[in-house]
Amino acid sequence: MLVGDSGVGKTCLLVRFKDGAFLAGTFISTVGIDFRNKVLDVDGMKVKLQIWDTAGQERFRSVTHAYYRDAHALLLLYDVTNKASFDNIQAWLTEIQDYAQHDVVLMLLGNKVDSAQERVVKREDGEKLAKEYGLPFMETSAKTGLNVDLAFTAVAKELKQRSMKVPSEPRFRLHDYVKREGRGASCCRP
Ligand SMILES: Nc1nc2c(ncn2[C@@H]2O[C@H](COP(=O)(O)OP(=O)(O)OP(=O)(O)O)[C@@H](O)[C@H]2O)c(=O)[nH]1
């Protein structure tokens, strides 16, 4: 799920990743929520990502809250040419803490780095904030495509790894079940 202030470039980042194109021109703000699928090859395995693009505008906040719970990963964006969007990251993190799964994969992205002249948030500031919260961090450009595939692929890799991990403490063990049911446990031991 892509989250962050309105206008930071969430839709453009997704379109760049999905179609390899840049939506130049008039800014059409997302209404509510939208999604696109993309299948990625991660180390020889096909990983299907369903990517939800949320509206950054405050008035849609209650809609997006409902989607956090089911998100496995969040890309949290700010715009390097917009200081307020960077300052609001703290508030977004609070929101994520309140509504998302506690183990959600989270990455911080500073978008629009192609606009060097208008940049007001330094790379080091993004790095510092990410370090403070223990988050992976990248600077991206939906316009040039810089680091866009890299960011989504990093998330897909992490999700794939997690999905393949064998839980260290299985929630359900046949042996315990057999004992509880009063049947001879020995017959079911390997
Ligand atoms: N220069 C530059 N402009 C960008 C980039 N990404 C997005 N934009 C522009 O920023 C504006 C907002 O982009 P969107 O992707 O619609 O922003 P959003 O975060 O989805 O906004 P909401 O839907 O309101 O939440 C558009 O005019 C885009 O063309 C980028 O990487 N570089």
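I take a residue as buried if 20 or more other C-beta atoms lie within 10 Å of its own, as exposed if 12 or fewer do, and as partly exposed in between, with C-beta atoms placed from the backbone. Helices (H or I, at least four residues) and strands (E, at least two) are DSSP runs, numbered from the N terminus.

The model is predicted: local features need pLDDT of at least 70, side-chain atom pairs count only at pLDDT 80 or more, and totals for chains, interfaces and linings use all residues. Residues are numbered from 1 along each chain as its sequence is written.

Entry on strand E5. I looked up its burial and found 6 of its 7 residues buried. I then checked its neighbours, counting two strands as paired if DSSP finds at least two bridges between them. E4 (residues 73-79) pairs with E5 in the parallel sense, over 7 bridges. Leu 77 is opposite Leu 109 of E5. E6 (residues 137-139) also runs parallel to E5, joined by 3 bridges. Gly 110 has Glu 139 in E6 as its bridge partner.

Entry on the crossover. I found that E5, H5 and E6 form a right-handed β-α-β unit; right-handed means that, with the strands pointing away from the viewer, the path from the first strand over the helix to the second runs clockwise.

Entry on Val 121. I located Val 121 in the loop between E5 (105-111) and H5 (123-133). Val 121 counts as buried because 22 other C-beta atoms lie within 10 Å. Leaving out residues up to four places away in sequence, I list its contacts (C-beta atoms, placed from the backbone, within 7 Å) as Tyr 78, Val 80, Lys 83, Phe 86, Gly 110 and Gly 126.

Methods. Two residues are in contact if their C-beta atoms, placed from the backbone, lie within 7 Å.
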